[in-house]
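Please examine the structure shown here together with its sequence.

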Amino acid sequence: MRHSILLPALFLAAGLSVVPLTAQDARLAARLPQGTRLAVERLMDSARAGGLPTEPLVRKALEGASKGADSARIVSAVATLARYLGEARQALGPGADEATLVAGAAALRAGAQPARLRALDSLRRREQLAVPLSVLADLLTSGVEPERAWTTVREMASQGAPDAEFLELRERLTGTGHGPSPGLPPAAGRPPT
């Protein structure tokens with residue numbers, strides 16, 4: 001009896017919700033120690049209960065295993081991703097698909113504000129957001145000043161730029177050896193007035 005009370009209390013103290021495991025992933029069972037797998041599966045079940053995709057969490061855990069990360073680091077990385085996916089869901093709403101949520105989570109992790117995800121969503125109501133959000137995340141992680149990165153992506157979205165133009169921006173950005181600025185469109189390089 002005591003264990004049935006103590007175990008849920010431990011999960012709550014650790015910030016994990018007490019959701020019964022509904023499914024096990026064979027890939028996790030094959031690659032993770034049992035305790036790590038159980039912790040990741042609990043996070044997946046909590047994510048699923050919150051309407052979040054779980055495949056990105058599986059991929060994050062498997063990535064950690066491939067890199068030889070210890071159990072604590074794998075669980076922490078999966079929990080962090082789950083948190084950012086939840087924040088992306090709040091910003092983008094229930095209609096956002098998995099690719100959009102993953103890109104939104106990457107943008108949030110890179111420093112984008114939730115309000116900017118919502119603004120981008122309102123600019124591209126009839127189009128997918130995964131590519132613009134992914135490019136925003138790449139701009140932020142490559143060292144572009146956050147306001148410049150946001151202004152560039154926002155201007156492209158407001159002008160109805162197709163995904164191909166966002167991808168071209170990414171290629172210009174990552175294809176230069178002189179830092180991020182040469183890859184930005186000329187309008188983004190101008191100082192604000």
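## Overall architecture

The model is predicted. The protein contains 11 helices and 0 strands, and its elements run α-α-α-α-α-α-α-α-α-α-α from the N terminus on. Of its 193 residues, 39% count as buried.

The accessible surface of the protein comes to about 10500 Å², and carbon and sulfur atoms account for 55% of that area. Among contacts between residues at least 6 apart in sequence, 61% join residues at least 24 apart.

## The nonpolar core

The largest nonpolar core comprises 50 residues. Leu28, Val40, Leu57, Leu117, Leu136, Leu139 and Phe166 have the most contacts inside this core. Two or more residues each are contributed by α3 (34–49), α4 (55–66), α5 (71–92), α6 (98–110), α7 (114–123), α8 (130–141), α9 (146–158) and α10 (163–174). The largest share, 10 residues, comes from α5. In soluble globular proteins, nonpolar side chains tend to be buried together.

Leu117 illustrates the packing in detail. Leaving aside residues up to four places away in sequence, Leu117 touches Ala88, Ala91, Leu92, Gly104, Ala107, Leu108, Ala112 and Leu133.

## Helix α8

Helix α8 has 12 residues and spans 16 Å from its first C-alpha to its last, close to the 16 Å expected at 1.5 Å a residue. Because 9 of its 12 residues are buried, α8 is largely enclosed by the rest of the structure. The buried positions in α8 are Ala130, Val131, Pro132, Leu133, Val135, Leu136, Ala137, Leu139 and Leu140.

After α8 comes Gly143, with a positive phi near 100°.

## Arginine residues and aromatic rings

Arg37 is found in helix α3. With a relative accessibility of 11%, Arg37 counts as buried, because the cut-off for that class is under 20%. Not counting residues up to four places away in sequence, Arg37 touches Gln24, Leu28, Ala29 and Leu32.

Arg83 lies over the face of Tyr84, at 4.7 Å from the ring centre. The structure holds 0 aromatic pairs.

How values were computed. Residues numbered from 1 in each chain as written. Predicted model: local features only at pLDDT ≥ 70, side-chain atom pairs only at ≥ 80, totals over all residues. Heavy atoms only, no water. Core = buried A, V, L, I, M, F, W, Y, C linked by side-chain atoms within 4.5 Å. Buried < 20%, exposed > 50% of the residue type's maximum accessible area, 1.4 Å probe, protein only. Helix = DSSP H or I, 4+ residues; strand = E, 2+ residues; numbered from the N terminus. Contact = heavy atoms within 4.5 Å. Areas by Shrake-Rupley, 256 points an atom, 1.4 Å probe, with all protein chains shown as cover. Phe/Tyr/Trp six-rings, centres within 6.5 Å; stacked < 30°, edge-to-face > 60°. Lys NZ or Arg CZ within 6 Å of the ring centre and 35° of its normal. Expected span 1.5 Å × (residues − 1).
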